[in-house]
Amino acid sequence: MAANIAHFTATLNAQPSIFEVIAQNSLNKLLHPAFQKLATFLGELNPSKFGWLVEFNDELFLLLNGLVQVHYLRTTGASFAEYFYGLQRVSILNEKLTDAEQKLSLLFLVLLPYFKVKVDARIQLYKIENADNYLPSNTSTACKRAAIVLHSLFHCLYGFWTFVQYLRYLSNASCHQTPSLQLLRLKLAYALTPQLIPAFWTALFRGELSLSDFGTGLLRNTTTSVLELSAFFMQFLQVWNAERANYSFTSLPIVPPPPVHTKAGDFKGRCPICLQSYKIPTVLPVSGYVFCFPCIIRHLQKDPRCPVTQWPAKSLDVIRLYDSV
Ligand SMILES: [Zn+2]
């Protein structure tokens, strides 16, 4: 018993390295883009069947991320990414999370990132409008410009706070590794019982499971095992892509052009929405069609699909063409 307590205290007192903290943070940030890539791939493969995955991508991820993080916080006291790196959340006094701390952790892990994505997208749209002087001179425009400045300022300050917090943790001036953990008055410690292979699989292969345990355990353990394996492959693909990014683009084979849509000829030199010559020509990369900037933005805000091909698209996908410069 005394040996167990000594082990418990020693494990919680050992501090995770800054590399483990940064690695779990980057894995956590990778989850949403990975889900977006998968949804975009399926949406482009079959727009009529999977277009809704792109349209409601942020909300679907909110739901999925919520379920995953609730499961990991309840069973391991860690977020999914923290658990993956053998870490868990504890209070300053090395105590396990209370119910209130679990709920606040969920707020920081699930809800705030969702609102951040929404705010970032809205600000990006304001930036595109502002860059083209498409905004009229009124109070609404002044508010949008103020929002752009405040957003940049917030990002700079938060980035600086994160950097300072890493330095304070490295120099033992603070036990909180990140700003969000500092606000929650929590810290990351090594997990007490890191389980590389869940007990369910060990018991299954040893034939020690009853039929009812097998039924309830199979779904839960298969889901978590698939998630953890996917996280491993995501990390692997990130490294793979980082290496591939160093290749010279000229050494890559030329990509064959996509087939031209049958309606393409109907809109040659004209915006497919207003059928006039382009005002601020803007291309929608998913289909390759060029529209007036106001026409396509207004359309995508009402219906997030290409007006010609019906392929899923978002306002942020548009690219301004500076053909007359
Ligand atoms: Zn137009």
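Reply: Among contacts in the chain between residues at least 6 apart in sequence, 54% join residues at least 24 apart, where two residues are in contact if their C-beta atoms, placed from the backbone, lie within 7 Å. This is a predicted model, in which local features need pLDDT of at least 70 and side-chain atom pairs count only at pLDDT 80 or more, while totals for chains, interfaces and linings use all residues. Residues are numbered from 1 along each chain as its sequence is written.

Me: How many helices and strands are in the chain? And what percentage of the residues is buried?

Reply: The chain has 11 helices and five strands, taken as DSSP runs numbered from the N terminus (H or I of at least four residues for helices, E of at least two for strands). Of its 325 residues, 20% are buried, a class that requires 20 or more other C-beta atoms within 10 Å of a residue's own, whereas 12 or fewer means exposed and anything in between partly exposed, with C-beta atoms placed from the backbone.

Me: Now α4 and α6: at what angle do they pack?

Reply: Helix α4 (residues 57-76) packs with helix α6 (residues 99-131) at an angle of about 160°, and their axes are 10 Å apart; axes are lines fitted to C-alpha atoms, for helices over the stretch in contact, and angles run from 0 to 180 degrees between N-to-C directions. That angle makes α4 roughly antiparallel to α6, given that angles over 145 degrees count as roughly antiparallel, under 35 as roughly parallel, 65 to 115 as roughly perpendicular and the rest as oblique.

Me: Which residues meet there?

Reply: From α4 the residues are D58, L62, N65, G66, Q69, V70, L73 and R74, and in α6 they meet Q102, S105, L106, L109, V110, Y114, V117 and K118. The residues of this contact of α4 with α6 divide into eight nonpolar, five polar and three charged, with Ala, Val, Leu, Ile, Met, Phe, Trp, Tyr, Cys and Pro counted as nonpolar, Asp, Glu, Lys and Arg as charged, and the others, Gly among them, as polar.

Me: And what about α2 against α4, how are they oriented?

Reply: Helix α2 (residues 18-45) and α4 pack at an angle of about 130°, with axes 10 Å apart, and α2 and α4 are therefore oblique to each other. On the α2 side L31, H32, F35, Q36 and A39 meet N57, F61 and N65 of α4, and the residues of this contact comprise four nonpolar, four polar and no charged.

Me: Switching topic, where does UniProt put the RING-type domain?

Reply: An unreviewed UniProt entry lists "domain: RING-type" for residues 271-309. Over residues 271-309 the chain is 26% helix and 21% strand, and the end C-alpha atoms are 14 Å apart.

Me: What does Y278 touch?

Reply: Leaving out residues up to four places away in sequence, Y278 touches C271, V290 and C292. The C-alpha atoms of Y278 and C292 are separated by 5.0 Å, although these residues are 14 apart along the chain. Y278 sits in the loop between α10 (211-244) and β3 (281-284), and because Y278 has 17 C-beta neighbours inside 10 Å, Y278 counts as partly exposed.

Methods. UniProt positions are given in the numbering used here, feature names are shortened, and annotations may be inferred rather than shown by experiment.
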